[in-house]
Amino acid sequence: DWLDTWSQRLPWTDGIHNISLDKSPSYQDIAIFPEVPELAKRLLPNAKIVITVCNPSERLFSEFHHYMDKNEENFRDHFISHGVEPFETFADFVNALFLGRQHPVCQNDNEFCQNVKNGYLKKGEYAPHVRAWQKEYGEENVLVVNMNDDQTTTVKKFLNLVGTDILPPAEYPWEELEDFDAAYQNKAYEGRSSAYTSFPLEMKLLEEYYSTYNEDLAELLGEYFPLEWNVEL
């Protein structure tokens, strides 16, 4: 079945002399794929889970630009086919996401509206996603990484997660971190934080939506950084 097909993608590892990594943003789409943590546990019972998070309002801004850069026609057609006006800017996109209560499309096609929220807004509701992975693997095997942390801090947390006996800190090439850069950078916009300058009203609306979820994540992790995402509130 598809689970066997997926497992064949993963290179062999004994978990001691070598480590396999697999990543996908879809693994965090619990609202769309709620069975993923359970299936992952069944197939990879000894895996370590790393979840990277950033300001959810900025995350949505970044996702919008990735879609518009990579697959603009299909992205916009998804909304147009349900009677939603095509959007040219992030402001239009945010208005489309919040069309729920008043927009006639939702009155006629509420399933579409719910799918839109699941597909975009709920990705930034991090706490339920983290809990789903913790439930299957245990808190000690799930690391939540703040993308704004410096690289040295992130690597130290990762080494503690996988076990310093497997990858001793003394053997890590720390000097190479200085030359490390993102694997992919979208040159079509100025970066996630530029949303606050370009679309302050929309970012405030998103922060109001995400504020309780940020508080929930802060309490779950015992960390303060999710509260720093409420920039405009």
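Reader: Which is Ser-57, buried or exposed?

Author: Ser-57 is buried, with a relative accessible area of 1%. Buried means under 20% relative accessible area, exposed means over 50%, and partly exposed lies in between, using a 1.4 Å probe and protein chains only. This is a predicted model, in which local features need pLDDT of at least 70, side-chain atom pairs count only at pLDDT 80 or more, and totals for chains, interfaces and linings use all residues. Residues are numbered from 1 along each chain as its sequence is written, and side-chain values use heavy atoms, with hydrogens and water left out.

Reader: Where is Ser-57, and what is it in contact with?

Author: Ser-57 belongs to helix 3. Helices (H or I, at least four residues) and strands (E, at least two) are DSSP runs, numbered from the N terminus. Neighbours within four places in sequence aside, Ser-57 is in contact with Tyr-196, Met-203, Leu-206, Glu-207 and Tyr-210; contact means heavy atoms within 4.5 Å.

Reader: And Arg-59, buried or exposed?

Author: Arg-59, in helix 3 (residues 56-70), is buried, at a relative accessible area of 15%. With neighbours within four places in sequence left aside, the contacts of Arg-59 are Cys-54, Tyr-120, Lys-123, Gly-124, Tyr-126 and Arg-192.

Reader: Let us change topic. At what angle do helix 5 and helix 11 pack?

Author: Helix 5 (residues 90-97) and helix 11 (residues 200-221) pack at about 30 degrees, and their axes are 9 Å apart. That angle makes helix 5 roughly parallel to helix 11. Axes are lines fitted to C-alpha atoms, for helices over the stretch in contact, and angles run from 0 to 180 degrees between N-to-C directions. Angles under 35 degrees count as roughly parallel, over 145 as roughly antiparallel, 65 to 115 as roughly perpendicular and the rest as oblique.

Reader: Which residues make the contact?

Author: Helix 5 contributes Phe-90, Ala-91 and Val-94, while helix 11 contributes Glu-202, Met-203, Leu-205 and Leu-206. By class, the contact of helix 5 with helix 11 has six nonpolar, no polar and one charged residues. Ala, Val, Leu, Ile, Met, Phe, Trp, Tyr, Cys and Pro count as nonpolar, Asp, Glu, Lys and Arg as charged, and the others, Gly among them, as polar.

Reader: How many residues of helix 5 are buried?

Author: Helix 5 is mostly covered, with six of its eight residues buried. They are Phe-90, Ala-91, Phe-93, Val-94, Ala-96 and Leu-97. Their cover includes helix 3, helix 4 (72-80), helix 7 (110-119) and helix 11.

Reader: Which residues do ring pairs link into a cluster?

Author: The cluster holds Phe-61, Phe-64, Tyr-67, Phe-75, Phe-79, Phe-90, Phe-93, Phe-112, Tyr-120 and Phe-199. Across the whole structure, a search finds 21 aromatic pairs. Rings of Phe, Tyr and Trp (its six-membered ring) pair if their centres lie within 6.5 Å; planes under 30 degrees apart count as stacked, over 60 as edge-to-face and the rest as tilted.

Reader: Where is Gly-191 found?

Author: Gly-191 is in the loop between helix 9 (151-162) and helix 10 (195-198). Gly-191 is partly exposed, with a relative accessible area of 21%. Gly-191 and Ser-62 are 129 residues apart in sequence, yet 7.3 Å apart in space, C-alpha to C-alpha.

Reader: Finally, what does Asn-146 touch?

Author: Not counting residues up to four places away in sequence, Asn-146 touches Val-53, Thr-154 and Phe-225. Asn-146 lies in strand 2 (residues 142-146) and is buried, with a relative accessible area of 7%.
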